Structures are given as C-alpha cells and as structure tokens.
Amino acid sequence: MTGTSTAAYWDPFWAQGRRYRRLDDPETRLLDAHLGPGRGRPALDIGCGDGALTRHLHHQLGYRATGIDCSPSALALAAARDSADGPGPLWRCADIGAGGLSALPEPAYPAITCRLVYRWLDDKGAFVHRVRRLLVPGGVFWVVAEIAGRRKDTDPLQGLGISPAEAELLTAGWSVVRTHDLDVLRCYALRP
C-alpha cells in the first residue's frame, strides 16, 4: 500500500491540475508576525506544492527560501511560476516524511514551514523529530493544519482535520507554542 506522504500518491493530483487551499492575507499576516524579516537567512518550506508560501518567504520576507515537495509535478508548477526579475527560491524534490534530507542545501534553518502537510504524514512523530534536528536554536517551526470537527457533518471534507492526539504530538516538547485559529485551520508557531 502506498502512503499518503509519497510522490506516488500526490504526483498524479498535481499533474492532473488539482489545486489546494490558497494562501490568504490573514494567514500571511500571522506568518509574517511570527517569522519576521529573513535578512537573507535560509528558510525551508516542507510540502511546498505550487510554491506560493515559498515565494512569500523569499520575495516578501527576504529569506533565502527552499521549497521541497515529494511531487515532481508540483515542483515543476512552482518553478514555472518564478519570475525572471531576479533569483527566486530553490526547488528540491524530497520526501522528508520518509527521511529524504539529502537534497537540502543547508544543514539547519531559522524558519521551517509546513502548510497543510502534517495531516498526511504517515509517521508524524518521526517527522517532528526530523524538523527539530533541522531547526536552529531560537528558530520557528510554522505549521498550518486543519483541525478535526470544524467542518459541518455534511461536508465531504469533514475528515481532513488532525485529531487532538495528532495536535498533541505536534506541540509536545517545544519551549514555546503559539496557536492562532483561522476558520477550519490552526496555525502553530513552535520554538525549541
């Protein structure tokens, strides 16, 4: 059986034109407030999809951003949206859910983002452990996840949220945990 954190699962969706929840102003304002200016420091966007968040980190916040995704089709879409106005983010094919860290250009990052990906990871504990090893002291791990039970019972997407146990696994062991709710989503700013 193929896990939902693998390219075999996600690549056909991206290749067939499937798109996911757009990055909006309330979410980017929260992100900006927690991450602050990049000043050329590296940032890692895990599960970057079409690259909207990676480009925001790079162009608006000033990080030297790298977007990783297990889907080659998503990365092709992200790279195609780069402008020729200057250097853009780096794009790397990697499955961090399976331990694929060799494609990363930096050994550690002051800002790591993970938007709408955590729910799909097969081994969430191992994933959080990998991120902790990649985050510099004082850095921020920004996670956006849908929370279970926030959609109407009749909504076909009702089952997309993370459970209270999965949220606890995500937040356990961090010295600072800040959360902000946006409709069905919860944004987490986690610091070691």
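1. Let me start with helix α4 (residues 72-80), whose buried residues are A74, L75, L77 and A78. Viewed along the axis of α4, these residues fall within an arc of 160°, so they line one face of the helix. Here buried means under 20% relative accessible area, exposed means over 50%, and partly exposed is in between (1.4 Å probe, protein chains only). The arc is that of the directions from the helix axis to the C-beta atoms. Helices (H or I, at least four residues) and strands (E, at least two) are DSSP runs, numbered from the N terminus.

2. Before going further, a word on the source: this is a predicted model, in which local features need pLDDT of at least 70 and side-chain atom pairs count only at pLDDT 80 or more, while totals for chains, interfaces and linings use all residues. Residues are numbered from 1 along each chain as its sequence is written, and side-chain values use heavy atoms, with hydrogens and water left out.

3. What do the buried residues of α4 pack against? Their partners are α1 (7-15), α3 (52-60), β2 (64-69) and β3 (90-93), where contact means heavy atoms within 4.5 Å. With α1, the packing angle is about 45° and the axes are 7 Å apart. That makes α1 oblique to α4. For reference, angles under 35 degrees count as roughly parallel, over 145 as roughly antiparallel, 65 to 115 as roughly perpendicular, and the rest as oblique. Axes are lines fitted to C-alpha atoms, for helices over the stretch in contact, and angles run from 0 to 180 degrees between N-to-C directions.

4. The crossing of α2 past α3 is right-handed, meaning that the near helix is turned clockwise from the far one by less than a right angle. The residues that meet are T28, L31, D32 and L35 in α2 and L53, H56 and L57 in α3.

5. Staying with α2 (residues 25-35), have a look at H34, which is found in this helix. Is H34 buried or exposed? Its relative accessible area is 19%, so H34 counts as buried. Its side chain is joined to that of H180 by a polar contact of 2.7 Å. A polar contact is a pair of N or O atoms within 3.5 Å; within protein, one must be able to donate a hydrogen and the other to accept it, and residues adjacent in sequence count only if both atoms are side-chain atoms. Beyond its neighbours within four places in sequence, H34 is in contact with V140, W142, R178, H180, A189 and R191.

6. T113 sits in strand β4 (residues 109-115). With a relative accessible area of 0%, T113 is buried. Its side chain makes a polar contact of 2.8 Å with the side chain of D45. Not counting residues up to four places away in sequence, T113 touches several residues, including L31 and L35, both of which also take part in the meeting of α2 with α3. W142 is another residue touched by T113, and W142 is in contact with H34 as well.

7. R186 belongs to strand β7 (residues 185-191). A polar contact of 2.7 Å links its side chain to that of D181. Among the other residues that R186 contacts, leaving aside neighbours within four places in sequence, are V143, I147, R150 and H180.

8. Helix α6 (residues 164-171) has A167, L170 and T171 as its buried residues. They cover an arc of only 85° around the axis, which puts them on the same side of α6. These residues pack against α5, β5 (135-146), β6 and β7. Following α6 comes G173, with a positive phi near 85°.

9. Finally, please check two backbone spots. L116, although not a glycine, has a positive phi of about 60°; L116 lies in the loop between β4 and α5 (124-134) and, at 26% relative accessibility, is partly exposed. D183 is also not a glycine and has a positive phi of about 45°. D183 lies in the loop between β6 (176-182) and β7, and at 52% relative accessibility it counts as exposed.
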